Structures are given as C-alpha cells and as structure tokens.
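Q: I'm new to this one and would like a close look at the packing. Please pick a single residue to start from, and then work your way around.

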Amino acid sequence: MSVTDNRFRLILVLVLIVYVNLFVDGVVSSTSQDYKQALKNSLLYFEAQRSGVLPPNQRVDLVGGYYDAGDNVKFGFPMAYTITQLAWAVVEFKAQLEAQNELQNALSAIKWGADYLIKAHPEPNVLYAGVGDGDSDHQCWERPEDMTTPRTVHKIDKQSPGSDLAGETAAAMAAASLAFKDVDPKYSLLLLSHAREVFDFATSHEGRYTDSIPSAAQFYSSSGFKDELLWAAAWLERATGEKPYMDLLQNTQDTGGVRTMFSWDDKYVGAQILVAKLILEGKLPNSGNLGGFKQQAEEFLCNCIQKGNNNVFKTSGGLLWFNQWNNLQYTTSASMALAVYADYLSASGQALKCASSLANPSDLIAFARSQVDYILGANPRNSSYMVGFGSNYPQQAHHRGASIVSIKKDPTPVGCKDGFDRWFNNAQPNPNVLVGAIVGGPDRSDNYADQRSNYQLAEPATANTAPLVGVLARISST
C-alpha cells in the first residue's frame, strides 16, 4: 500500500468523523428545538379532549372532551390525576412555561378539568365519579356528537365511599390552587376550599371507589387508597402549611416502600417526592417515617436511571418499560418525577446516592431527556409516539373522534355499529390528526403496530400526555 493510499484513508476517516459529529450535533440541536413544538402540541391535545360546549377561543377542530382516552366516557379517577400532573407542571416549571408562551394554555387545560371537578362536588360528602357506561360505550364506535350510549352518572357518598377517588380529587384541587395562586387568588381559594372538604370526606369515610362503583373496575380499577390519601395530604400541606396534613404524613405507618411505577393508580412515588422536598429543604428531619419517604423515592429514581438495586427494565432502544398495556403512561410519569426531583436536589446542592454510584441533578435531567427523545422519535423505528409530531407518527390512533370524519365536514350521524364498519375497520389513516396525543407506545422489544384495533399500544390517554407537559417545559428551556 502506498503512502498516498494511507493519506487518502486517513483523510477519509477524518472526514467521516467530522460528518458524524456534525450529524449528531444536528440531531441534538434539532431535538432540543423540537421540545418547544412538542410542548405546544401536548397542551393542544387537551383542547382536543374537551367535553361540553366549546368556547369561542377553541383552537382544535376535533371534537372530544376530557374523556380519559379514545372513548366517550369520563372517568373521574384518571381525570383527577391528569389535573394533578398538569398543575404540578405549572407549580414547578411556571417560569419555563411562561418562557415558551405556554403558561396560559397550561392554566386553561387545568381549569377546564378543575371546573368539572368543582361541579362534581356539590356537597361535602358527595363526589360524582364519572359520566357514561364503559361497557355500552365500548360496544359502539361513534363521535361524541353522535353518542347513543347511556350517559349514566356515578357517584360516591357516605354510604358508598371512595377514598382513592376523593383523595386524588383533593390532590388535584390543592395542586391546582397552587397553580392559580398568583394569577387568580379567588379561584385558588375556591379550589382549596373544595380540596379540604373532599379530603375530609376521603379520610372520614374510607373505602375503594371501585367497590362502590363496580362498573368502573374493569377500566380503572383501584389497588388501594392509602397512596391517594398521602398524595393529597402532601399537596394540602404544601398549599396550606397546616399541621393536620403534616401530622398525617408523619404518623403514617405506610410510606409505600420502593415502588415499581408511578401512575394514575399508584401515587406513592409522588407523595414520597413531596415529603423528600421538605427534608431536602431542612424543614423536616431525615429520620423515621419521614426519612423512609425520601429513601424510597430515591431508590425508585435510582432504579429508573439504571443505578439502583432493582432497575426498571429498559428496552434495547433505551425506553423504560413497565407494562405491556399503555406503557408510555408510566414512562412519562417516571420522567416527570425525575425532572422534578432533579431541581429539588439542585436547589439543596445535593446529589442522588444510588447503589452503584452518585447521580447529579444533571444526570436525572439527562435521563428524563432520553425518554422524551425516544418518545419523539430517537428510537429503533425512528417513529414519534406523539401524534402529529415529526414526519413519522402513528396514523391510526385508537380514538373515536380522531378516526371518524369531523362533523363539520360530514354532519351525517354515525351510528353505533356503523362506526365500526366505516371507520374502525378501515386501514386508512385517521381523518383527524390528534395533535399531541401520546399513544400507548411500543412493546418491550421496541416494536409497534400502527393499528387502530391494537388498543394496548395505539390508544392515547390524558394520563399519558399530562406528565410530559412538565418534562417538556423543563427541558425546552435548557
């Protein structure tokens, strides 16, 4: 081989290295710019999910409501969690949302749901749990405007309690009261008043809401209510500073242990993180039950970032994978927990002590960012799992309103079974793009079937997108 050949090869290698570096830098730069668009999209999705008479400033032509997912039922349990997560985003990342001109849209998303929760609480010991019947609804495929299914109303009361539902509703209202504290003090106080009453109802009449409303069990079954009571107490303590809420946290014998997920059904991680914040700030001792909250929260986070004793499964493509059914809801909630706790640690000048090594706040943010990047397209399929984001995203999201032509284009009513024949079973992309919706996502092997019928992977839900709002706000400004 000649000297000339060697020089040529060396030059070629150097050119390739420069090219690769430029390419990687371009991807990072492009992705970081895209966080702003993704944040905008994620809040737009909640307008598409609204139920009821739409306001003049409605920006989305797709009819819908704060239905839980792709159906026409309003389930109070996941809806309240959705509001809590949206409010948490404003409480923690208000400045970042404002910097992206999305604060007002976030507040509007919270208020649309919070107003409903207020209406659902007409008396101190009464809370309406939902509207519609899941069984009959799932037998039909109709636009919300064409609904022919029963709009059955369910409630909990003293005789038929639901501490989990009431607890989560109290958490949502308390968190929302903090979100509105500076911008609308009167509304904030109204929310706080309802939060107190609903929490008193939850603690004085204990029970699982799905025991009182069995029809909800197959859709959003509750595994217990102790976590919701702690989560609500933590939010009420933060909103009021009042001793009874702190006493409940200090005196509990059930801090949850190290959890395997954070979700609409399991709030222990959220409660643990809020208590840990007070410990990091020096307002509470890092000992006893209180110290247990902090230790368990941090072990969960260590497991998420793959530095713990029992790490969360991560796909070969890099996604945290918790469950075969709608996995991304757990991924986004875990990412929100990481983003929030990173800032708590940073404010206190501390690091996360994991089993394998220390993790700095920047490490937590970097890991949360990696999950967002995967969701937005940096994955083996090069596919975004946010509908309407990028050039390659799910075309057949399992969602009635998205999959049937808009009533403004064709007002002809779509019957219960007609919807299956004409829209559900056709292989065409949805006629309406449900911008900002996060579908269930890929399986544990990074595979995804873009099929409307695959509700395990293809159905979006408000509980999927809500936690992502805070994460996107946090990383879009860095």
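A: Let's start at tryptophan 235. Setting aside the neighbours within four places in sequence, this tryptophan is in contact with Thr84, Trp88, Val91, Ala171, Ala174, Ala175, Leu178 and Leu274. Keep in mind that you're looking at a predicted model.

Trp235 and its partner Trp88 both turn up again when you look at the largest nonpolar core, which has 145 residues. They are among the residues with the most contacts inside that core, along with Ile110, Ile273, Tyr341, Leu352 and Leu364. As a general rule, nonpolar side chains in soluble globular proteins tend to be buried together. There is also a second, separate core of seven residues, and Ile404, Val414, Phe420 and Trp423 are included in that one.

One is helix 2, which covers residues 76–99. Look at leucine 86 in that helix. Is leucine 86 buried or exposed? Its relative accessible area is 2%, so leucine 86 counts as buried. Leaving out neighbours within four places in sequence, leucine 86 is in contact with Phe46, Ala109, Ile110, Ala466 and Val469. Ile110 is another of the residues with the most contacts inside the largest core.

Lysine 94 pairs with aspartate 182, and their closest N and O atoms are 3.6 Å apart. Lysine 94 belongs to helix 2, while aspartate 182 sits in the loop between helix 5 and helix 6 (185–204), so to speak a link between distant parts of the chain, 88 residues apart. Lysine 94 is partly exposed at 27% relative accessibility, and aspartate 182 is exposed at 61%.

That's one of 16 salt bridges found in a search of the whole structure. In general, side chains of opposite charge can pair when their charged atoms come close. Here are two others worth a look. In helix 10 (residues 243–251), lysine 243 and aspartate 247 are four residues apart, about one turn of the helix. Their closest N and O atoms are 2.8 Å apart. Lysine 243 is exposed, with a relative accessible area of 58%, whereas aspartate 247 is partly exposed at 22%.

An α-helix has 3.6 residues a turn, so residues three or four places apart point the same way. Beyond simple pairs, Glu168, Glu228 and Lys267 are linked in a network of salt bridges.

Back at helix 2, move on to the loop between helix 2 and helix 3 (103–119), where you'll find asparagine 101. Most residues other than glycine have a negative phi. Asparagine 101 is also exposed, at 67% relative accessibility. Asparagine 382 has a positive phi too, near 50°, and is found in the loop between helix 14 and helix 15. At 56% relative accessibility, asparagine 382 counts as exposed.

With a relative accessible area of 8%, histidine 398 is buried. Not counting residues up to four places away in sequence, histidine 398 touches Gly70, Trp141, Phe424, Arg452, Tyr455, Ala458, Glu459 and Pro460.

Definitions and conventions: Residues are numbered from 1 along each chain as its sequence is written. This is a predicted model: local features need pLDDT of at least 70, side-chain atom pairs count only at pLDDT 80 or more; totals for chains, interfaces and linings use all residues. Side-chain values use heavy atoms; hydrogens and water are left out. A nonpolar core is a set of buried Ala, Val, Leu, Ile, Met, Phe, Trp, Tyr and Cys residues joined through side-chain atoms within 4.5 Å. Buried means under 20% relative accessible area, exposed over 50%, partly exposed in between (1.4 Å probe, protein chains only). Contact means heavy atoms within 4.5 Å. Helices (H or I, at least four residues) and strands (E, at least two) are DSSP runs, numbered from the N terminus. A salt bridge is a side-chain nitrogen of Lys or Arg within 4 Å of a carboxyl oxygen of Asp or Glu.
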